[in-house]
Amino acid sequence: VMLLAIDVGNTNIVVGLYDGKKLLNVWRLATNKERTSDEFGVFFLTMFQNAGLKPDQVKDVIIASVAPNVMYSLRHSIRKFYNTKPILIEPGIKTGLNIKIDNPRELGADLIVEAVAAYNMYNGPVVVVDFGTATKLSAVNSRGEFLGVVICPGIQVSADALTQKAAKLPRIQLAKPKHVIGTNTVDSMQSGIVHGNVGKIDYLVKRIKDEMAENGDDRSKIKVVATGGLARLVTEDMTEIDDVNGLLTLEGLRLIYEKNKSE
């Protein structure tokens, strides 16, 4: 009996196929609000055929989405091709966490799912740093309380903004330059964006740990885990990251599915 876990981001859709706790396959496609339910269906069928699988082997589908404009086609496609109604990460679903923010309904599905995975996998207080379209830092304390979030412009978003707003600055490839002091425009921009994000995120993590420690968490036990498409670019130079886990969202979806499937 297989579970399809789908993470719908602003830039990419990541699809994971689980057999019990075992992740069999991961597929990615670009988030495109113009895509029809049949186009999603062709993607699913092709991926399944390539893996030697049949759609009717999937019993359930669970989705976390931060891109509402693709959901109509995606849900319709799942009903059509898998003959099942997807479970959505939305208010009312059981997560095992106590969401302590002002308005729990406004918390992004991706952040909930990552926090559930990190809290369960690292068994205690955790800070999740998600390097996605936006860079988001979420804090969960030792009691399983989701304390809140820091949201920054994403690494690619920062680079795009520089190019758009400064007439003489070119579009650059995101890469880490050898030196912090750049001797040409491209190196200078890469340094500011990549090294600048290393410093910024390290500083924010330290401040988050300070506040968690003030409220009773043992600072030495707070684990910091990075995820998201651009994590590898900056984390190797960061002093505050304990682990990089690109599959955090899929794992969180599987855990939430286990908590809710009896219903």
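The largest pocket of this predicted model has a volume of about 600 Å³. Here a pocket is an open set of points on a 1 Å grid over the protein atoms alone, where a 1.4 Å probe fits, with protein on both sides within 12 Å along at least five of seven lines; the volume is the space filled by probe spheres set on the points. Its lining (residues with an atom within 4 Å of a point) comprises 26 residues, with Asp-130, Phe-131, Gly-132, Gly-228 and Gly-229 nearest the centre. The lining divides into 8 nonpolar, 11 polar and 7 charged residues, Gly being counted as polar.

Turning to the aromatic residues, the structure holds 4 pairs, a pair being rings of Phe, Tyr or Trp (its six-membered ring) with centres within 6.5 Å, stacked if the planes are under 30 degrees apart, edge-to-face if over 60 and tilted otherwise. Trp-27 and Phe-48 form a tilted pair, with centres 5.6 Å apart and planes at 35°. Both residues are buried, that is, under 20% relative accessible area with a 1.4 Å probe and protein chains only. Phe-44 and Tyr-82 pair edge-to-face, at 5.4 Å centre to centre and 65° between the planes. Buried as well are Phe-44, at 3% relative accessible area, and Tyr-82, at 5%. Together with Phe-43, these residues make up one aromatic cluster of Trp-27, Phe-43, Phe-44, Phe-48 and Tyr-82.

Residues are numbered from 1 along each chain as its sequence is written. Local features need pLDDT of at least 70, side-chain atom pairs count only at pLDDT 80 or more, totals for chains, interfaces and linings use all residues, and side-chain values use heavy atoms, without hydrogens and water.

Definitions and conventions:
Buried means under 20% relative accessible area, exposed over 50%, partly exposed in between (1.4 Å probe, protein chains only).
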